[in-house]
Amino acid sequence: MKYKIAVFLLLILVLQSCQNQDEKRQAENAKEAKKNEKIFNNINKAWVFIDEPINEISEQNVRAWTEWRDFMKEIGDKPRKTIGAFQKKSTAISKKAMALNNNIPAEFNLPQIRSRISILITKVRMLDLFIHLSKIPDDKVAFLIGEINKELVSLERQMDKIVEKNKIPKEEGEEDFLKMLDTTRAIPSSSAPHSPIQNIDQNAPKVE
């Protein structure tokens, strides 16, 4: 009889222990879900990229430079619903960013443009790295989105400066001036008028 009572009490203790563990697990899961929801909301709020051209030059590039157009389209397509969707989108943006090194228009294939593209790629890849961590630092993700936007503006403004600089000689007539200068230099020296001294008759009598 005592044996049966002891077994019964032991069984109750085991069941109670299992119930406590289940409650603890549920509490931890709820806490984790709440934390993930907060991270998602913070990232969702911060995920705003400058996907529209800030000037006419950038708008022209969207039409002519395939890699730039694809990148701008990718950052403009905001993911929804889950962290996994943001992670997938981040990877896609990273791939499009790295492709910006390809087929750079000749007008912009300059050190100051390539360096800005390199910085932009670095920050996009950092974003992709942070958002794939097991514990996502949502504050760093939000910060990098802001930094990427700054680099986008810097790159587009630099392209605008290059285009405006290339227009300056035509606006000031420098090109026509240089052509005129080249034409003047091409005139043979033999066509210049003779010196008056050369026209003097050497046999003419000298006047004393």
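Helix axes are taken here as lines fitted to C-alpha atoms over the stretch in contact, and the angle between two of them runs from 0 to 180 degrees between N-to-C directions. The structure described with this convention is a predicted model. In this model, helix α2, which spans residues 56–64, packs against α3 at an angle of about 105 degrees, and the two axes are 6 Å apart. Because angles of 65 to 115 degrees count as roughly perpendicular, α2 and α3 are assigned to that class. On the α2 side the contact is made by S58, N61, V62, R63 and A64, which meet T66, W68 and R69 of α3. Sorted by class, the residues of this contact comprise three nonpolar, three polar and two charged ones.

The protein as a whole contains seven helices and zero strands, so that its pattern along the sequence reads α-α-α-α-α-α-α. When contacts between residues at least 6 apart in sequence are considered, 75% of them join residues that are at least 24 apart.

In soluble globular proteins, nonpolar side chains tend to be buried together. The largest nonpolar core of the present model has 36 residues, and I43, W47 and F71 are those with the most contacts inside it. At least two residues of this core are supplied by each of α1 (2–46), α3 (66–76), α4 (83–98), α5 (111–131) and α6 (138–172), with the largest share, nine residues, coming from α6. For F71, once the neighbours within four places in sequence are left aside, the residues in contact are I93, K96, A97, L100, L120 and L152.

Backbone geometry was also examined in the loops. Most residues other than glycine have a negative phi. K81, which is not a glycine, has a positive phi of about 75 degrees; this residue lies in the loop between α3 and α4 and is exposed, with a relative accessible area of 74%. A positive phi, near 55 degrees, is likewise found for N103, a residue other than glycine. N103 belongs to the loop between α4 and α5, and its relative accessible area of 58% places N103 among the exposed residues, for which the cut-off is over 50%.

How values were computed
Residues numbered from 1 in each chain as written. Predicted model: local features only at pLDDT ≥ 70, side-chain atom pairs only at ≥ 80, totals over all residues. Heavy atoms only, no water. Helix = DSSP H or I, 4+ residues; strand = E, 2+ residues; numbered from the N terminus. Contact = heavy atoms within 4.5 Å. Core = buried A, V, L, I, M, F, W, Y, C linked by side-chain atoms within 4.5 Å. Buried < 20%, exposed > 50% of the residue type's maximum accessible area, 1.4 Å probe, protein only. Parallel < 35°, antiparallel > 145°, perpendicular 65-115°, else oblique. Nonpolar A, V, L, I, M, F, W, Y, C, P; charged D, E, K, R; others polar.
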